[in-house]
Amino acid sequence: MNNNIHDENLVNLITGHLCDKPEIEKMRKMAVERNIPVIQRESADIIRLLIRIAHIESILEIGTAIGYSASLFYGEMENGRITTIEKRPDSAIEAAENFKRLGYRNIRILEGDAIDVISGIDEKFDMIFIDAGKSHYREYFDKAFPLLNNGGIIVSDNILMNGLTLNYDMNVRKNRTMVRAMRGYIKFLCSHPSLKTTLMPVGDGLAVSHYQKETRNE
Ligand SMILES: C[S@@+](CC[C@H](N)C(=O)[O-])C[C@H]1O[C@@H](n2cnc3c(N)ncnc32)[C@H](O)[C@@H]1O
């Protein structure tokens, strides 16, 4: 299944230059075959670049699935650690097996609904990656934001929702809640006084937000 809203030749040009570890690429192909939604390669590649540029060494991920994105990000850090949250027990187990097979020890999986689980986390992160239920991004943000280090980055994936965010007719009831929530979330991010956010039309759409604590100059 390919839900990419972009020109296929463009996507092929970008992804044609990527060379991921064969085990991780196998994980992605298997996820696609089983209709498990995972991050698009070109989006993951931008996040990996951000990890390098910003010297990210700790990531909180909301939405593990089978651990594909976490594996890609982990491989980009030198001594990094990831905490990743997944509400489906079967996916959490599969992700744990994948991390073990890759020898990725510093990835901790927390099983449960992120809205509940985040409250129990007692550490700070350089990056927060939001990639779970699309109607709940604002709730994930509110819970996770206090755990972000000053100077850190929040990446929200799927903000275009296969084009729904752009083209959706609000008079159609189906999906209305999801579209309203995502449009509201984008507006919120872009007007947040402590964030500099850019919306990137890559993959299914990334919002990248840099956090700089407000300082008073009076
Ligand atoms: C898009 S997939 C994550 C893909 C993964 N980040 C990757 O790219 O490899 C979204 C995952 O979020 C999980 N999820 C949805 N709502 C959640 C919640 N409230 N708390 C934790 N996990 C949730 C789903 O079960 C699903 O596995």
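A residue counts as buried here if 20 or more other C-beta atoms lie within 10 Å of its own, as exposed if 12 or fewer do, and as partly exposed in between, with C-beta atoms placed from the backbone. The model in these views is predicted: local features need pLDDT of at least 70, side-chain atom pairs count only at pLDDT 80 or more, and totals for chains, interfaces and linings use all residues. Residues are numbered from 1 along each chain as its sequence is written.

View 1. Seven of the 10 residues of S5 are buried, so the strand is largely enclosed by the rest of the structure. Helices (H or I, at least four residues) and strands (E, at least two) are DSSP runs, numbered from the N terminus. Strands pair if DSSP finds at least two bridges between them. On one pairing, S5 runs parallel to strand S4 (residues 125-130), with five bridges, and Phe129 sits opposite Val155 in S5. Getting from S4 to S5, the chain passes through helix H7 (residues 137-144) in a right-handed β-α-β crossover (with the strands pointing away from the viewer, the path from the first strand over the helix to the second runs clockwise). S5 also runs antiparallel to strand S7 (residues 206-211), again with five bridges; Ile154 has Ser209 in S7 as its bridge partner.

**View 2. The shell around the ligand.** The ligand has 18 residues around it, and the closest are Ile39, Gly63, Tyr68, Ser69 and Ala114 (a residue is near if its C-beta atom, placed from the backbone, lies within 6 Å). Helix H4 (68-74), strand S2 (81-86) and helix H6 (114-117) are the elements giving two or more residues to this shell. Sorted by class, the shell holds nine nonpolar, four polar and five charged residues. For that count, Ala, Val, Leu, Ile, Met, Phe, Trp, Tyr, Cys and Pro are nonpolar, Asp, Glu, Lys and Arg are charged, and the others, Gly among them, are polar.

**View 3. Ala65, a loop residue with positive phi.** Ala65 is not a glycine, yet its phi is about 50 degrees. The loop that holds Ala65 lies between strand S1 (58-62) and H4. Ala65 is buried, with 23 other C-beta atoms within 10 Å.

**View 4. Asn175, another loop residue with positive phi.** Asn175 is a residue other than glycine too, and its phi is near 70 degrees. Look for Asn175 in the loop between helix H8 (164-167) and helix H9 (176-191). With 16 other C-beta atoms within 10 Å, Asn175 is partly exposed.
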